[in-house]
Amino acid sequence: MSNAPAAAGPAAYVPPPPLTGSARTWGTIALSAATFMNVLDTSIANVSLPAIAGDLGVSPNQGTWVITSFAVANAIAVPLTGWLSQRVGQVRLFVLSVLLFVVASWLCGLAPNMTTLIAFRALQGFVAGPMIPLSQGLLLSSYPRVLAGLAMAMWSMTTLIAPVMGPLLGGWITDNLSWPWIFYINIPVGLVAAGVAWSLYHKRETPTRQLPIDSVGLALLVIWVGAMQVTLDIGKENDWFHSGVVVALAVVAVVGLALFLVWELTDKHPVVDLALFKKRNFWAGALALSVGYGLFFGNVVLLPLWLQQYMGYTATQAGMVMAPVGLMALVLSPWVGKNLSKFDPRKFASFAFLVFALVLWMRSRFNTQADLATIMVPTIVQGVAMAFFFIPLVTITLSGIPPERIPAASGLSNFVRITAGAFGTSIATTAWENRAALHHAQLVESIQAGNGPAMVALQGLSSAGLTSEQALAQVNRLVDQQAFMLAANDVFLVSAIIFMALIPLVWLSHPLPSTAGSADAAAGAH
């Protein structure tokens, strides 16, 4: 709440004291489990799409709406967190969100056809919206100021590891059980998390206000975010702006955003608190976090795609390559959280960007002969960057925000981050395919009568019993493999350069008052 005394009316809200002992431990586990379940569901269905589409009798392209519907609804709900928490209360909204997520997950597993599944996935995405921002706020309220960095470490580990574990777990469940179980596993986790959270936090409920419903702002939010998410999801397969549908959606998104900004900045009770962007640390931290996350997420999507499509890896094997990314993050995140009060968070974030750049530079030197160990080394090193990435930047972003505005600030910053992740995925995969087409054309130019090695390869294939057409098709497959490998190298290298260029962005934020040694440094989000 604001430190200014109230002129009249109810007394100012005083945040409850931090939890202690086993209560804090169980609170951390419950909030982290709910967050993990939520983030896991954004990626767990990806590898199960062929099985879902086949079982429900639709094409794989129609199956992608299982992902799109969740993403659109989730993106709309996340920035509403601040407004909803003021009407309902943070604790009630969090527990209700988790329970509704459990119900939606159960319904997804029971869905008899694709239309029903898409509808239930949209419901699941919408009710999941407030969970991540509220888990952040409740976790911060559970820890004393000096341990706020540790609280962020616990929270960030689940947010970073879940997207990597999703494809691995989804692949295993689909191969060994059946696809509905990727939804059913949420039921016990969600029920336990909701029960523990309610028992520990219901007496720590925040005050509520009967705010008027900003129906115009809400409608504009639904329109522009929905149009933007669908544009990003269907753009690549429809050749982007060569498609009239994509152009129309993009225009709706841009015009809707412009109208939304004008309305929200002038309305007395906006549904999204855009005034937070007046705070320098909020916009600088959110921008650095979002652009960095967009780059990170785009490359997290690209690497397994390359491994599966052009290196012969199965979905489970590609997931295993990505899994070690959490090892160093798990080891180092608690240390980063505990020591955040002793260092300038901007130095930690700068170090994270340097390590990300190093990892992507290492990947830019891959070739088609790269073995498992070569591919996994950068993945393990990336865990170091992840530990130093989220915690300092979230601390900077939420520094100086009063407790009652934490849900709004966390919801808005998470919305920007999630949106950046969607942009990063679309840009990385589109750039990869475009660069592959260029490399393919350049490589094919060398396959002509005057090229000795090319002729020797074709003759060798012909002598093995292949017809000339089959031999050329085999060579074309080899050219494709090389072209997509070179294209992946290009994307990795450019991403490394952008990470280096992002470092000055971190330093646009003000130093936290406690950087000099006060315990409040770790409590930037209080």
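Is Asp490 buried, partly exposed or exposed, and what is its relative accessible area? Asp490 is partly exposed, with a relative accessible area of 22%; the classes are buried (under 20% relative accessible area), exposed (over 50%) and partly exposed (in between), with a 1.4 Å probe and protein chains only.

The structure is a predicted model, in which local features need pLDDT of at least 70 and side-chain atom pairs count only at pLDDT 80 or more, while totals for chains, interfaces and linings use all residues. Residues are numbered from 1 along each chain as its sequence is written, and side-chain values use heavy atoms, with hydrogens and water left out.

**Overall composition**

Of the 526 residues in the chain, 52% are buried. Among contacts (heavy atoms within 4.5 Å) in the chain with a separation of 6 or more, 85% involve residues 24 or more positions apart.

**Salt bridges**

The whole structure holds two salt bridges, each defined as a side-chain nitrogen of Lys or Arg within 4 Å of a carboxyl oxygen of Asp or Glu. One joins Arg435 and Asp490, with 2.9 Å between the closest N and O atoms. This pair connects distant parts of the chain, since Arg435 belongs to helix H19 (residues 406–444) and Asp490 to helix H21 (residues 468–506), 55 residues apart. Arg435 is partly exposed, at 34% relative accessibility. The other salt bridge is formed by Arg346 and Asp344, whose closest N and O atoms are 2.9 Å apart. In that pair, both Arg346 and Asp344 are buried.

**Helix packing**

Two helix pairs are set out below. Axes are lines fitted to C-alpha atoms, for helices over the stretch in contact, and angles run from 0 to 180 degrees between N-to-C directions.

| Helix pair | Axis separation | Crossing angle |
|---|---|---|
| H5 (residues 81–88) and H6 (residues 90–110) | within 7 Å | roughly 110° |
| H8 (residues 131–142) and H19 | 8 Å | about 135° |

The angle between H5 and H6 makes H5 roughly perpendicular to H6, whereas H8 is oblique to H19. The angle classes are roughly parallel (under 35 degrees), roughly antiparallel (over 145), roughly perpendicular (65 to 115) and oblique (the rest).

H5 passes H6 in a right-handed crossing, and H8 passes H19 in a right-handed crossing. A crossing is right-handed if the near helix is turned clockwise from the far one by less than a right angle, and left-handed if anticlockwise.

On the H5 side, the contact involves Thr81, Leu84, Ser85 and Val88, which meet Gln90, Arg92 and Leu93 of H6. In the second pair, Ile132, Pro133, Leu134, Gln136 and Gly137 of H8 meet residues of H19 including Ile406, Pro407, Ser410 and Arg417.

**Pairs distant in sequence**

Helix H5 also contains Gln86, which is partly exposed at 22% relative accessibility. The C-alpha atoms of Gln86 and Pro207 lie 7.2 Å apart, although the two are separated by 121 residues along the chain. Gly337, in helix H16 (residues 325–339), is buried with a relative accessible area of 0%. Gly337 and Ala151 are 186 residues apart in sequence, with a C-alpha to C-alpha distance of 7.1 Å.

Technical notes. Helix = DSSP H or I, 4+ residues; strand = E, 2+ residues; numbered from the N terminus.
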